[in-house]
Amino acid sequence: MTDFNAMTEALVSCDADKIARLVNEAIAEDAKPSDILNKGLIAGMDIVGEKMENGDMFIPEVLMAAQAMGSCVEILKPLLGEGEGMEGASVILGTVKGDLHDIGKNLVGMMMESAGMAVHNLGVDIPPEDFVAEIKSKNAQIVCLSALLTTTMPMMKKTVDAIIEAGLRDKVKVMIGGAPVTQSFADEIGADGFAADAGSAARLAKELVA
Ligand code: B1M
């Protein structure tokens, strides 16, 4: 029986070797990869977030926990697919300017790749003009914007506005996501859709280009 709490605790203590071992053991025990991710790792990151907010954990420790989580996500990558074909759809993905959070965005990219989409992951701190340039050069059908900070959410609107100004709005579907983002914010800024997590992002992408 997989002990997801042990995984959560190891992440909160930034014990990278222990978390990797627990994840590999859970896989060997046939635990569901989505349970490992949600009940073990994301649950741990939520506690890290609370501790950070309360001043019980500082940036270097949060970074260590984030790196440990990133390594575990790599272990889970081949197992997390949706598995259904969306071959050929070109997706631009990035965290908006001013924002350095990338774990959730990378999960979104993984789920989309495993559904067959060609994902161009631009990274973090991406200004609107870079999204516009990449939409053009990759002839993208979908652009996915991620933001984890309330202070960077307005950059999503600036990015949508830049896409409109470049005359590309009819050619590309805009999806947004990230912990503080909501469907009503998506409606407010004129995005085509909001996804609360990586799995639903991949499903929504399929619906939008169907
Ligand atoms: Co930051 N941070 N952080 N941080 N950090 C949060 C977001 C925070 C909530 C913590 C807290 O105070 N409780 C808080 C934001 C408060 C707010 O704005 N309301 C915060 C803060 C304040 C900050 C700094 C300002 C701290 C400081 O310097 N004083 C600073 C900002 C730096 C910057 O970006 N300019 C900062 C820095 C950092 C680190 C660099 C140390 C590190 C990031 C490392 C990295 O990403 N490589 C970090 C971390 C790790 C976090 C927490 C603890 C964890 C985030 C995470 O990875 N979650 C976070 C607290 C929390 O979220 N509980 C916090 C796990 C991940 C799987 O979930 O990213 O939500 P998430 O992604 C989900 C969905 O949101 C969705 O799917 C994903 C998978 O299911 N999704 C999308 C995400 N993007 C999507 C895009 C889509 C669709 C769905 O497109 C269509």
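With which residue does Glu 25 form a salt bridge? The partner is Arg 21, and the closest N and O atoms of the pair are 3.1 Å apart. A salt bridge here is a side-chain nitrogen of Lys or Arg within 4 Å of a carboxyl oxygen of Asp or Glu. Side chains of opposite charge can pair when their charged atoms come close.

The model is predicted, so local features need pLDDT of at least 70 and side-chain atom pairs count only at pLDDT 80 or more, while totals for chains, interfaces and linings use all residues. Residues are numbered from 1 along each chain as its sequence is written, and side-chain values use heavy atoms, with hydrogens and water left out.

By the salt-bridge rule the count comes to five. Glu 25 and Arg 21 both sit in helix H2 (residues 16-28), four residues apart, which is about one turn of the helix. Helices (H or I, at least four residues) and strands (E, at least two) are DSSP runs, numbered from the N terminus. Glu 25 is partly exposed, at 34% relative accessible area, and Arg 21 is partly exposed as well, at 43%. For these words, buried means under 20% relative accessible area, exposed means over 50%, and partly exposed lies in between (1.4 Å probe, protein chains only).

Helix H3 (residues 33-54) holds another pair, Asp 35 and Lys 39, four residues apart. Their side chains meet in a salt bridge at 3.7 Å, N to O. Asp 35 counts as buried, with 19% relative accessibility, whereas Lys 39 is partly exposed at 46%. In helix H6 (residues 128-138), Glu 134 and Lys 138 are also four residues apart, and their salt bridge spans 2.7 Å, N to O.

Next comes the ligand. Around the ligand there are 36 residues, of which Gly 98, Leu 100, His 101, Asp 102 and Ser 146 come nearest; a residue is near a molecule if one of its heavy atoms lies within 4 Å of it. A nitrogen atom of the ligand is 2.7 Å from an N or O atom in the side chain of Asp 102. Gly 98 has a backbone N or O atom 2.9 Å from a nitrogen atom of the ligand, and for Gly 49 the corresponding distance is 3.0 Å. The elements giving two or more residues to the shell include H3, helix H4 (59-76) and strand S3 (142-146). H3 gives the most, with seven residues.

Methods. Polar contact = N/O pair within 3.5 Å; in protein donor to acceptor, adjacent residues only side chain to side chain.
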